[in-house]
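Hello,

Here is the structure we spoke of handing over. Please open it first, then read the notes below.

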Amino acid sequence: MNNTFIGIDVGGTTVKFGIINENGNILDKWEIPTNTDNEGESILSDIWKSIEGRVSLHDVAGVGIGVPGFIDQKTGDVYEAVNIGWKQVELAKIMKEKTGLPVFVENDANAAVLGENWKGAGGQVKNLVAITVGTGIGGGIIANGSILNGESGTAGEIGHITMDPHGSPCNCGRQGCLETISSATGMIRQATEKIHEYPASPLAEVYARQNNLTAKDIFELAEKGDTICREIIQHAAEVLGLALANLAVIINPSRILIGGGVSQAGNSFVKQIDDAFRRNTLAKAGEVCEMKIAQLGNDAGIIGAAFLVKQNLEKVTF
Ligand code: ZN
C-alpha cells in the first residue's frame, strides 16, 4: 500500500524530514544539518542517504520538498536558493532518479501555508493568506483552493510590499518594504535609532548591558510600560495590518494566519495587527475574515510538503 508521503523542508540550518500519512498525521520525523559548503553540493546526497537509511520506500506514494528559493513548480527545478547556495538545481529530476518516486517541489513558505491549511490553523479554507513574522516577513497565499504562484514565483512575497518608498533599505535592493518595518529586524532597527535619540531610556540601558538588542527585549520593555517600545510595536502592527488590509481587498480571504517568532511574542501584537487590519480594509472583506495565530510551528513545512504530493497525485484542492 503506497499510503504515506515523505515531506522534506530544506532550511539554511537543518533539513527536516517527515513521514506523513494520508490524513496528514506525522508517523516519523527527524532532521539533519544542512551542509551549505561548496554551494550546497552535498545537500541532495545527504538527503538521499538519510532517507535510504531510515525509510522503506515500499509504502511511500511520493516525495514533497520545500526549498527556500525561487522554484519552477512545473519542472521542480530550483532557479536559486541563496541561503543554501543552490543555483539551477534540477531538484525534482534528481530526486526522482534516486527514489524512483514522484517528486514535487515548492517554495518553503508556500509549503508551510499548505501544511497550516491542511492540519493547522487554516482549517482547509479555500482562500487564505499566511504570513511569518521573524527575521524577515515571509508569506503565502491560497486562492480558490490552490497556492498562488504567479508568473515567476513571487506571488505571496508579502514582506516585499512597499509600505514606504523613502524608507530603510531592504535585502531585496529596494526601500521601505514591509519587512523593513514590521519584522524583528525592522523593529530592532527602529529601536536602535531611538537609542541615539534617547540615550537615557530603559531601551538604551538594556542595550548598554547586553551590547545588543532582540525583538524579545522590545516586547518585554513594552510589557513593562515603556513608551518607546510600545510605539515601535504599535507602528509595526499598524503597517502590517495596513498591508494585510490591502491584500484582503485583492484576495478576499476567510482567514489570515500570523506565524513566526514575533507572533509568539504576545497575543496583544496579533490583536493590534487585527485592529489595524479591520480599520483599513473594505467592510465586506473584513467581515468574512478571521485572523489567527499559526499552530504547527516547525512541522508546517514537512506536513505541507507531504500535502503537495497528495494534491498532485490525487488532484485534490482545498
Ligand atoms: Zn524588499
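**What was found**

N38 sits in helix α1, which covers residues 37-40. Keep in mind that this is a predicted model.

Start with N38. Its phi is positive, about 50°, although N38 is not a glycine. Is N38 buried or exposed? N38 counts as exposed, because its relative accessibility is 57% and the cut-off for exposed is over 50%.

Now go to N252. This residue is also not a glycine, and its phi is positive, near 55°. Where is N252 found? It lies in the loop between α9 (227-251) and β12 (255-259). N252 has a relative accessibility of 41%, so it counts as partly exposed.

**The zinc site**

Next, the metal. Which atoms coordinate the zinc ion? They are ND1 of H160 and the SG atoms of C170, C172 and C177. The distances run from 2.0 to 2.3 Å. Along the chain, the donors of the zinc ion follow the spacing H-x9-C-x1-C-x4-C. H160 and C177 link distant parts of the chain, 17 residues apart. H160 is in the loop between β11 (146-147) and α5 (179-182), and C177 is in the loop between β11 and α5.

Why is the arrangement around the zinc ion tetrahedral? The 4 donor atoms subtend angles of 105 to 119°. Four donors count as tetrahedral if all angles lie between 85 and 135 degrees, so the zinc ion meets the test. For reference, the ideal angle for four tetrahedral donors is 109.5 degrees.

Look at the two ends of the site as well. H160 has a relative accessible area of 22%, so it is partly exposed. C177 has a relative accessible area of 0%, so it is buried. The cut-off for buried is under 20%.

**E238 in helix α9**

Helix α9 holds E238. With a relative accessible area of 24%, E238 is partly exposed. Which residues does E238 touch, leaving out those up to four places away in sequence? The contacts are A276, R279 and N280. E31 is another matter. E238 and E31 are 37 Å apart in space, C-alpha to C-alpha, and 207 residues apart in sequence.

**A cavity and a pocket**

How many cavities of 30 Å³ or more does the structure hold? There is 1. The largest cavity has a volume of about 40 Å³. Its lining is made of G69, F70, I71, Q73, E106, N107, N110, N149, G153 and E157. By class, the lining of the largest cavity has 6 polar, 2 nonpolar and 2 charged residues.

Then there is the second largest pocket. Its volume is about 280 Å³. It is lined by 14 residues, and those closest to its centre are E106, N149, L308, Q311 and N312. Here β8, β11 and α12 (300-314) are the elements that give two or more residues to the lining. The lining of this pocket divides into 6 nonpolar, 6 polar and 2 charged residues. E106 and N149 are named for the pocket, and both also line the largest cavity.

Best wishes

Technical notes: Residues are numbered from 1 along each chain as its sequence is written. This is a predicted model: local features need pLDDT of at least 70, side-chain atom pairs count only at pLDDT 80 or more; totals for chains, interfaces and linings use all residues. Side-chain values use heavy atoms; hydrogens and water are left out. Helices (H or I, at least four residues) and strands (E, at least two) are DSSP runs, numbered from the N terminus. Buried means under 20% relative accessible area, exposed over 50%, partly exposed in between (1.4 Å probe, protein chains only). Donors are N, O and S atoms within 2.8 Å of the metal (3.2 Å for Na, K and Ca); water is not among the atoms, so sites may look incomplete. Four donors count as tetrahedral if all angles lie between 85 and 135 degrees; four count as square planar and six as octahedral if opposite donors are over 155 degrees apart and all others between 65 and 115; anything else is irregular. Contact means heavy atoms within 4.5 Å. On a 1 Å grid over the protein atoms alone, a cavity is a set of points where a 1.4 Å probe fits but cannot get out, and a pocket is an open set with protein on both sides within 12 Å along at least five of seven lines; lining residues have an atom within 4 Å of a point. Grid points are joined across faces, edges and corners, and a volume is the space filled by probe spheres set on the points. Ala, Val, Leu, Ile, Met, Phe, Trp, Tyr, Cys and Pro count as nonpolar, Asp, Glu, Lys and Arg as charged, and the others, Gly among them, as polar.
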